Amino acid sequence: KRQPLAVDSICEMSLNLSHGSVDVSAKVLSVRPLETGRHAVVVEFVQVADMDRVLLESFLERERRRDS
């Protein structure tokens, strides 16, 4: 069984977006177990390369427009 990430740990993630992927470093802020046996994890991005930041912001803006 896999263990959830520890609160306050730093993890490296690759986020697969609709138009490509971005690599980020994130700090784990909270972890909550789900009924499925998985965990909901809240993270704060602490390091994102400039180009990846542009791609991520563009993706989030498109998602906001799509949901409104």
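Ser-25 is buried, at 7% relative accessible area, where buried means under 20%, exposed means over 50% and partly exposed covers what falls in between, using a 1.4 Å probe and protein chains only. The model is a predicted one, so local features were kept only at pLDDT of at least 70 and side-chain atom pairs only at pLDDT 80 or more, while totals for chains, interfaces and linings draw on all residues. Numbering runs from 1 along each chain as its sequence is written, and side-chain values rest on heavy atoms, with hydrogens and water left out.

Ser-25 sits in strand E2, which covers residues 20–33; strands (E, at least two residues) and helices (H or I, at least four) are DSSP runs numbered from the N terminus. A contact here is a pair of heavy atoms within 4.5 Å.

The side chains of Glu-12 and Ser-25 are joined by a polar contact of 2.8 Å. The term stands for a pair of N or O atoms within 3.5 Å; within protein, one must be able to donate a hydrogen and the other to accept it, and residues adjacent in sequence count only if both atoms are side-chain atoms. Glu-12 itself counts as exposed, at 62% relative accessibility. Apart from residues up to four places away in sequence, Glu-12 touches Val-24 and Ser-25. Phe-59 is 47 residues from Glu-12 along the chain, with 19 Å between their C-alpha atoms.

Strand E2 also holds Val-28, which is buried at 0% relative accessibility. Beyond four places in sequence, the contacts of Val-28 take in Leu-5, Ala-6, Val-7, Asp-8, Ser-9 and Cys-11 on one side of the list, and Val-41, Val-42 and Val-43 on the other. Arg-66 lies 38 residues from Val-28 along the chain, and their C-alpha atoms are 28 Å apart.

Asp-8, one of the residues that Val-28 contacts, is placed in the segment before E1. Asp-8 is exposed, at 53% relative accessibility, and its phi is near 75 degrees, a positive value in a residue other than glycine. Pro-4 is found in the segment before E1 too, and counts as partly exposed at 33%. With neighbours within four places left out, Pro-4 contacts Val-31 and His-39. Between Pro-4 and Pro-33, 29 residues apart in sequence, the C-alpha distance is 8.7 Å.

As for the whole chain, three strands and one helix make it up, in the order β-β-β-α. The radius of gyration is 14 Å, well over the 11 Å that the globule rule gives for 68 residues, so the chain is more spread out than a compact globule. That radius is taken over C-alpha atoms, and the rule is 2.2 Å times the number of residues to the power 0.38. Along its principal axes the C-alpha trace spans about 35 × 25 × 20 Å. Buried residues account for 16% of the 68. Of the contacts with a separation of 6 or more, 28% link residues 24 or more positions apart.
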